[in-house]
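Here is a short report for a reader meeting this protein for the first time. Keep the structure in view while you read.

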Amino acid sequence: MAAVVVLSGAGGAWGQGFIIETRRTVPIQSSFEIREVGVDARVRNQAAEVQVSQTFHNPGSTQLEAEFFFPLPEDGAVQDFVLMVDGRELTGRLMNKDEARRIYEEIVRTKRDPALLEYMGRGLYRTSVFPIPPGADRKLTMKYTQLCKRDRDVIEFSYPLSTQKFTSKPIQRLSIRASIESKDSIKSVYCPSDDVRIDRSGDHEVRISMERTNVIPTSDFRMVYTLAEGAIGASVVSYRPSAGDDGYFLLLASPEVKAPDAKPLPKTVIFVLDRSGSMAGKKIEQARRALKSVLNNLRDDDLFNIVVYDNAVETFRPELERFTSRTREEAERYVDNIREGGGTNIDEALTSALGLIRDHSRPNYLLFLTDGLPTAGEVRELSIADHCRKNNTQKARIFSFGVGFDVNARLLDRLSAGNSGTSEYVRPDEDIETHVARFYSKMSSPVLTDLRIEFAGTDVNRTYPRDLPDLFEGGQIVWVGRYRQPGRTTLKVTGRIADESRTFEFPAELADSDRGGGHNFVERIWAVRRIGYLIDQIDLSGQNKELVDELVSLSTKYGIMTPYTSFLADERVQLHAMSQNVDRARLSLGSLSEFSGASGVAQRGAKSLYMREERAAGASFAEPNQITGFSADAAKSGQTGQSAGMMGGMMGGMAGGRSFRRNPAAEAKTTPGMMGMAGQNPEAAIRRVGSKTFYYKDQRWVDAVVKPEEDAKAKLIRQFSDEFFALARSQGAELNQYLTFTEPVTVKLDSAVYRIEPAEDKP
């Protein structure tokens with residue numbers, strides 16, 4: 001039986017320790033800075049041993065008298081708690097929920113800082129008072145063990161990093177290291193919140209590491225790994241917002257870690273290389289090295305060939321060649337003699353390459369590289385894509401590499417999408433070899449091909465990716481979708497191993513609405529991929545009302561800013577003015593007509609990221625110049641007017657998926673108009689808390705689900721009033737997190753809408 005272990009912030013953030021200044025009444029985040037956070041966790045079976053070090057800095061000119069507080073997890077299953085301050089053990093005690101509630105509320109009242117409200121209803125570890133001299137640091141080290149929460153096949157361990165509530169300055173250094181040891185085989189290892197390094201020494205031990213500098217984490221660190229015996233493992237994490245709604249699932253499928261001497265599945269690889277005149281110089285040299293890198297990673301019994309083209313097309317061999325040390329040497333000599341010159345006959349090159357493949361019993365992969373527009377033979381985009389699809393009788397997967405800004409990026413996307421592959425873009429200052437080698441290393445050893453996945457007795461819909469990739473050794477599949485019927489089911493994974501069809505079955509359960517919000521990140525990952533799919537359909541098939549309406553609706557609800565909906569972050573734009581917002585989106589979507597140049601290529605790179613997204617919000621996208629591989633300056637080169645403005649907006653809008661960003665509350669008040677303003681970040685006017693999205697509108701934060709008529713009838717509550725604390729006491733941590741804004745906020749809690757305004761009385 002498969003099991004899923006989730007390291008997450010289920011049930012709300014709880015574990016980030018913080019200090020409270022005892023002598024003065026100042027907001028929590030104004031009194032100290034967190035210089036460094038280091039987390040080391042060792043998870044064995046259902047028990048976790050955790051050590052956390054935090055370095056606090058006193059930026060003031062007077063001594064800070066402080067207490068350290070550590071909110072306990074919801075189930076309170078923490079044992080053997082030890083706290084050291086600069087190597088000296090500090091006395092403290094664990095408090096139950098009732099006593100802790102009183103202390104949390106007292107701090108919130110005194111400090112006029114609502115950050116702690118989400119912890120009401122939790123236990124608390126509290127220390128004695130200790131000093132931090134002016135300008136000095138204090139390093140606190142916690143050690144504790146925790147019995148991880150388990151629900152059927154799901155085990156949860158959490159370490160949240162939502163320090164934004166407690167410090168206004170970035171953490172200078174953040175490091176997380178976790179080791180997982182299991183007597184059962186570990187299959188998938190997945191982190192929905194962050195990019196981590198994963199090192200595997202076998203089926204039973206995994207090490208995960210992450211290090212960041214100068215960051216303000218706004219979401220909890222999450223990590224998922226699955227346990228299952230056998231050649232293939234598949235497990236499901238699911239979330240259903242409420243009864244009557246569709247649920248959302250995330251499926252992880254991975255093969256076992258094979259022994260070094262295991263024989264891989266034979267495959268066919270054809271490299272199609274553009275040698276037109278524009279490839280002269282550094283590009284053709286890099287392309288030769290990339291081709292050699294692929295050759296050096298082929299295996300015995302693989303079939304291969306090389307197709308090069310300019311105006312005309314030629315091949316290394318008339319037929320597919322079996323890979324041996326001899327044929328590799330001959331192929332390398334052929335590659336050394338490739339010379340550039342002439343036009344670009346893409347249509348004939350692909351037709352010739354696909355004609356070489358005659359055996360569907362093995363996996364077939366075509367790596368297609370070009371740096372220019374088609375100029376010879378058939379040059380019409382739709383005709384080239386149609387010919388490619390019709391000639392691909394053996395269902396080869398086509399992976400396109402576009403080099404530089406002069407390619408027809410929309411054509412490359414058509415070729416890849418129509419043949420179960422993906423596109424990748426190499427900017428002018430990047431190395432072709434690095435891109436191709438990194439890509440090919442992930443697909444060198446196929447394990448299971450032609451995959452089909454189904455849930456017995458349950459319909460799933462809007463699943464992504466639409467075309468399931470092959471499963472490779474050392475890799476995994478992340479598949480998301482929606483379901484209607486919750487409950488227990490059987491997961492069936494069917495595929496081919498060589499010419500043999502195999503089916504693997506796994507027990508699974510799709511969550512009902514009463515399972516809580518611990519896995520609500522699944523819904524957001526689905527939403528990001530759905531948005532990528534909508535943009536892809538609009539790009540390849542043209543605009544229609546249904547697609548644009550849904551794009552605007554999803555972007556609004558989830559706060560996912562695309563190059564075409566970043567105007568939603570403009571304070572002047574009404575969230576629920578649907579017709580006007582759709583018109584704005586349609587105008588912005590006109591930029592997809594730019595199929596080449598910096599803008600055209602960058603848009604397809606951005607679209608691809610949405611379609612392949614595996615990170616929960618706000619966790620996925622990197623800094624703007626890392627998103628598409630093009631900097632804002634590069635994107636603007638050769639562009640004027642609306643195109644340049646759109647690209648600037650796109651770069652900022654794409655940054656909305658980051659887990660580490662600047663302080664949005666501070667920036668929101670200084671960036672009122674976002675649409676088309678190059679270099680500004682629409683994320684400054686958007687904040688995601690739990691499963692909700694808030695927009696900064698009319699000098700306050702507004703819940704995205706609150707309609708204007710509801711806003712007009714919202715119940716007014718003054719922050720820190722008795723009524724305010726009564727509301728906090730009446731609900732749990734999951735809802736109290738929406739009361740932690742320091743600015744005015746309108747929020748919908750269950751069916752009631754509240755408008756919370758700053759307190760009239762000042763401390």
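## Overview

Buried residues account for 60% of the 763 residues in the protein. The model is predicted. It holds 19 helices and 39 strands.

Contacts can be sorted by distance along the sequence. Take those with a separation of 6 or more: 75% of them join residues 24 or more positions apart.

The largest nonpolar core has 120 residues. Four of them touch the most other members: I19, F68, F130 and L250. Which helix gives the most to this core? Helix α9, residues 521-541, does, with 11 residues.

F130 shows what such a position looks like. Setting aside residues up to four places away in sequence, F130 touches I19, L64, E65, A66, E67, F68, V85, L90, R138 and L140. A second core is separate and has 33 residues. Among them are V269, L295, L367 and V403.

Strand β36 covers residues 700-703. Are its faces covered or open? Both are covered. R700 and V702 lie on one side, W701 and D703 on the other, and all four are buried.

Strand β36 pairs with β35, residues 692-697, in the antiparallel sense. The pairing runs over 4 bridges. K697 stands opposite R700 of β36. The two strands form a hairpin with 2 residues between them. D698 sits in that turn and has a positive phi of about 50°. Strand β36 is also joined to β38, residues 745-749. Here the strands run parallel, with 2 bridges. W701 has V745 of β38 as its bridge partner.

## A four-strand sheet

Another group of strands makes an open sheet of 4 strands. The order is β30-β28-β32-β33, and the pairing is antiparallel. Which strands form the edges? They are β30 and β33, the latter spanning 500-510, and each pairs on one side only.

Strand β28 covers residues 446-455 and pairs with β30 over 2 bridges, in the antiparallel sense. P446 stands opposite F472 in β30. The loop between β29 (460-464) and β30 (471-472) contains P465. A cis peptide bond joins Y464 to P465, with omega of about 5°.

## Two helices side by side

Helix α6 spans residues 381-391, and helix α7 spans residues 409-417. They pack at an angle of about 20°, with their axes 9 Å apart. Angles under 35 degrees count as roughly parallel, so α6 is roughly parallel to α7. The crossing is right-handed.

Residues from both helices make the contact. Helix α6 supplies E381, L382, I384, A385 and C388. Helix α7 supplies R410, L411, R414 and L415.

## Positive phi in two loops

D86 lies in the loop between β6 (78-85) and β7 (88-89). Its phi is near 50°, a positive value in a residue other than glycine. Is D86 buried or partly exposed? D86 has a relative accessible area of 43%. Buried means under 20% and exposed over 50%, so D86 counts as partly exposed.

D301 is found in the loop between α3 (282-295) and β22 (303-309). D301 is not a glycine either, yet has a positive phi of about 80°. Its relative accessible area is 28%, so D301 is partly exposed.

## A buried aspartate

D274 lies in strand β21, residues 268-274. Why does D274 count as buried? Its relative accessibility is 0%, and the cut-off for buried is under 20%.

D274 and V308 are 34 residues apart in sequence. In space, their C-alpha atoms are 6.0 Å apart. What does D274 contact beyond its neighbours within four places in sequence? The list is M279, I284, Y309, T344, L369, T370, D371 and G372.

Conventions. Residues are numbered from 1 along each chain as its sequence is written. This is a predicted model: local features need pLDDT of at least 70, side-chain atom pairs count only at pLDDT 80 or more; totals for chains, interfaces and linings use all residues. Side-chain values use heavy atoms; hydrogens and water are left out. A nonpolar core is a set of buried Ala, Val, Leu, Ile, Met, Phe, Trp, Tyr and Cys residues joined through side-chain atoms within 4.5 Å. Buried means under 20% relative accessible area, exposed over 50%, partly exposed in between (1.4 Å probe, protein chains only). Contact means heavy atoms within 4.5 Å. Two strands pair if DSSP finds at least two bridges between them. Axes are lines fitted to C-alpha atoms, for helices over the stretch in contact, and angles run from 0 to 180 degrees between N-to-C directions. Angles under 35 degrees count as roughly parallel, over 145 as roughly antiparallel, 65 to 115 as roughly perpendicular and the rest as oblique. A crossing is left-handed if the near helix is turned anticlockwise from the far one by less than a right angle, and right-handed if clockwise.
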